[in-house]
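Let's take a walk through a protein model together. Keep the picture open beside you and look for each residue as it comes up.

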Amino acid sequence: MALDTDRDRLALARETWRTLEPYHGAVYFSPEAAAQYAELGVDAKTGYFASRSAALGAATADLVIATFYNFHPELVRRAIPAAWEAAAPERFTAARLTGIDATLRRILGTEVDSPQMARAAELARALADTAVGHPQGRPLFAAHAALPWPSAPHLVLWHAQTLLREFRGDGHVGALLTAGLSGLESLVTHAAAGDVDAGVLRGSRAWTPQEWDEAVHGLRARGWLDGGPDLALSEDGVRRRAEIEETTDRLAALPYLTLGPAGCAELRSLVRPFSLAVAKELLPWAVGRLSAGKA
C-alpha cells in the first residue's frame with residue numbers, strides 16, 4: 001500500500017486499528033473477566049469501570065466521567081468510588097489481565113504460543129512504543145502506558161492494542177470537544193450515522209429516553225440532524241461527523257505511519273485470524289467486516 005495521499009495515510013491507521021480492536025475488545029465481554037471482578041465483590045458493570053480506570057489509581061467518579069466521556073454520570077457514580085472500597089485498583093488491573101488471559105487461551109488454544117502470535121506481539125509492541133513517546137493530552141492512555149508489560153506474547157499483543165485503543169480514544173474525545181459535542185450528543189450522532197443501534201447506545205450508557213430525546217431536539221436545532229421521523233444526520237451533520245472521524249484518524253496515525261505500510265500489512269494479516277476467532281465467540285457484529293477484509 002503506497003501512501004500517496006493524506007487519505008491513504010489515515011486509512012492505514014484506521015484499518016490497522018480496526019483489525020486489532022476486536023482482540024482488545026474481548027475483555028469487555030469476557031465471562032472470565034466478569035468472574036474475576038465477581039471474586040473482588042463487584043458486578044460486571046462496576047468491574048468495567050474499575051478495571052479500565054484502575055490505571056489512574058483510585059480515581060474519583062468525576063475523573064472517570066471526564067475520561068470515559070459518554071456514559072451517564074450517575075452510572076459512573078454507582079460504580080466509582082464504591083469499587084475501591086471492594087478492592088484496590090491494582091487488584092482490578094490484575095483481575096482484568098487474568099480474565100483476558102483465560103479468555104484468549106480458551107478461544108485461541110495453542111495459537112497463543114504460535115510463531116505468528118510472537119511476531120504479531122513484536123509488531124504491535126513497536127506500534128505501542130511509538131505512542132508511548134507522545135502521551136501529552138492523553139490522560140487515560142498515559143495511565144495505561146505506565147503499567148508494566150506482560151511477558152506472554154498473546155498478552156503483549158492485547159496490552160499493545162489496549163494502549164493504541166486508549167491513545168486513539170483520548171484523541172477522539174478531543175475531536176468531539178472541538179466539534180462541540182457532549183458525551184450524549186456524540187452517541188446520538190453516532191447512532192444517526194447508522195453505525196450502531198440507538199437503543200444499544202442509549203441503554204448501555206444509561207441515558208434516559210427523555211435525556212436522549214432532548215439531545216436529539218438540540219442537535220436538530222443546531223443542524224446536525226435532519227427533520228425527518230427517523231434518526232439521521234443532515235447533510236451538514238454527515239460532513240461534520242466525517243470531520244470528527246478524520247481528526248480522530250489523524251491524531252492516532254503516528255504509530256502506524258512509523259511502522260509503515262509493509263509492517264502494518266503484516267500485522268493485520270497476522271492478527272485478523274485471532275480477532276476473527278474472538279469476534280465469532282464474543283463480538284458477532286464485528287465478524288462481517290473482518291471476514292471481508294475491511295478491518
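This is a predicted model: local features need pLDDT of at least 70, side-chain atom pairs count only at pLDDT 80 or more; totals for chains, interfaces and linings use all residues.

Residues are numbered from 1 along each chain as its sequence is written, and side-chain values use heavy atoms, with hydrogens and water left out.

Start with helix α1, residues 6-25. Helices here are DSSP runs (H or I, at least four residues), numbered from the N terminus. The expected span of a helix is 1.5 Å times one less than its number of residues. For the 20 residues of α1 that gives 28 Å, and its end C-alpha atoms are 28 Å apart, which agrees. Even so, α1 has a kink of about 30° at Thr 19, shortly before the proline Pro 22. The bend at a residue is the angle between axes fitted to the seven residues ending there and the seven starting there.

Now find helix α10, residues 153-179. Its 27 residues reach 39 Å from first C-alpha to last, close to the 39 Å expected. Of these 27 residues, 19 are buried (under 20% relative accessible area; exposed is over 50% and partly exposed lies in between, with a 1.4 Å probe and protein chains only). Just after α10, Gly 180 takes a positive phi of about 80°.

What lies inside? A nonpolar core is a set of buried Ala, Val, Leu, Ile, Met, Phe, Trp, Tyr and Cys residues joined through side-chain atoms within 4.5 Å. The largest one has 70 residues, and Phe 49, Ile 80, Phe 92 and Leu 157 touch the most other members. Helix α15 (residues 254-282) gives this core its largest share, ten residues. A second, separate core of 20 residues includes Val 173, Ala 175, Ala 215 and Leu 219.

The peptide bond from Ile 80 to Pro 81 is cis, with omega near 10°, and Pro 81 sits in the loop between α5 (73-79) and α6 (82-86). Most peptide bonds are trans, and most residues other than glycine have a negative phi.

Tyr 69 is not a glycine, yet has a positive phi of about 75°. Tyr 69 lies in the loop between α4 (61-68) and α5 and, at 14% relative accessibility, counts as buried. Ala 206 also has a positive phi, of about 70°. Ala 206 belongs to the loop between α12 (198-204) and α13 (209-221), and is partly exposed at 25%.

Methods: Helices (H or I, at least four residues) and strands (E, at least two) are DSSP runs, numbered from the N terminus.
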